[in-house]
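Have a look at the model first, then read on.

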Amino acid sequence: IPCPILRESDGLAMSSRNTRLSPEERKIAALIPQWMQEAITIIKKKGIEAAKQFINEKVSKIPEMKLDYYEVCDAETLKPISEITPNEKAVTLIAVFVGNIRLIDNWMVD
């Protein structure tokens, strides 16, 4: 059952894990929701593969980050999809390490 995600003032999903980030890691983590929103725009204009490439490129440029996964999935089944068909609801899912802390987030594609 979907419910709203509580977010910090900079957009990062609230989590007790955020308190384990150093001040520098916390600044880096704030990039995650920004990139995910940009990726949704890319999905709409260029497709899912272009969005995946965008996320991979962004994360790979920051040594303190390591991507576990970024997927675009059917919002009901959570099965990965390669394109969004009309009337299909999709969600973007990410897990990324910032330092030793694994952070997760998701955004609906609307």
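This is a predicted model, and the count of salt bridges in it comes to five. Three of them are set out here.

| Pair | Closest N and O atoms |
|---|---|
| Arg7 – Asp105 | 2.8 Å |
| Asp10 – Arg26 | 2.7 Å |
| Lys52 – Glu71 | 3.2 Å |

Let's start with the pair Arg7 and Asp105, which form a salt bridge. Arg7 belongs to the segment before α1 (23–29) and Asp105 to strand β3, so this pair ties together parts that are 98 residues apart in sequence. Arg7 counts as partly exposed at 23% relative accessibility, while Asp105, at 6%, counts as buried.

Asp10 is partly exposed, with a relative accessible area of 32%.

Then there's Lys52 with Glu71. Lys52 is buried, its relative accessible area being 17%, and Glu71 counts as partly exposed at 24%.

Now for the sheet. Three strands make up an open sheet in the order β1-β2-β3, with antiparallel pairing. β1 and β3 (101–109) stand at the edges with a single partner strand each, so one side of each has no neighbour in the sheet. On average, neighbouring strands are turned by 15° against each other, direction ignored. Nine bridges join β1 to strand β2 (residues 90–98). Helix α2 (residues 31–46) packs on the sheet and touches β1, β2 and β3, its direction making about 35° with that of β3. Helix α3 (residues 48–60) lies across β1 and β2, and runs at about 165° to β1.

Which charged residue is buried yet has no salt bridge? That's Asp74, and the nearest side chain of opposite charge, Lys79, is 8.9 Å away. Since a salt bridge here needs the nitrogen and oxygen within 4 Å, Lys79 doesn't qualify as a partner for Asp74. Asp74 is found in strand β1 (residues 65–74), and its bridge partner in β2 is Ala90. A polar atom of the Asp74 side chain does lie 2.9 Å from the backbone nitrogen of Thr77. Leaving aside neighbours within four places in sequence, Asp74 is in contact with Lys79, Ile81, Glu88, Lys89 and Val91.

Notes. Residues numbered from 1 in each chain as written. Predicted model: local features only at pLDDT ≥ 70, side-chain atom pairs only at ≥ 80, totals over all residues. Heavy atoms only, no water. Helix = DSSP H or I, 4+ residues; strand = E, 2+ residues; numbered from the N terminus. Buried < 20%, exposed > 50% of the residue type's maximum accessible area, 1.4 Å probe, protein only. Lys, Arg positive; Asp, Glu negative; His and termini not counted. Polar contact = N/O pair within 3.5 Å; in protein donor to acceptor, adjacent residues only side chain to side chain. Contact = heavy atoms within 4.5 Å. Pairing = 2+ DSSP bridges. Axes fitted to C-alpha atoms, helices over the stretch in contact; angles between N-to-C directions.
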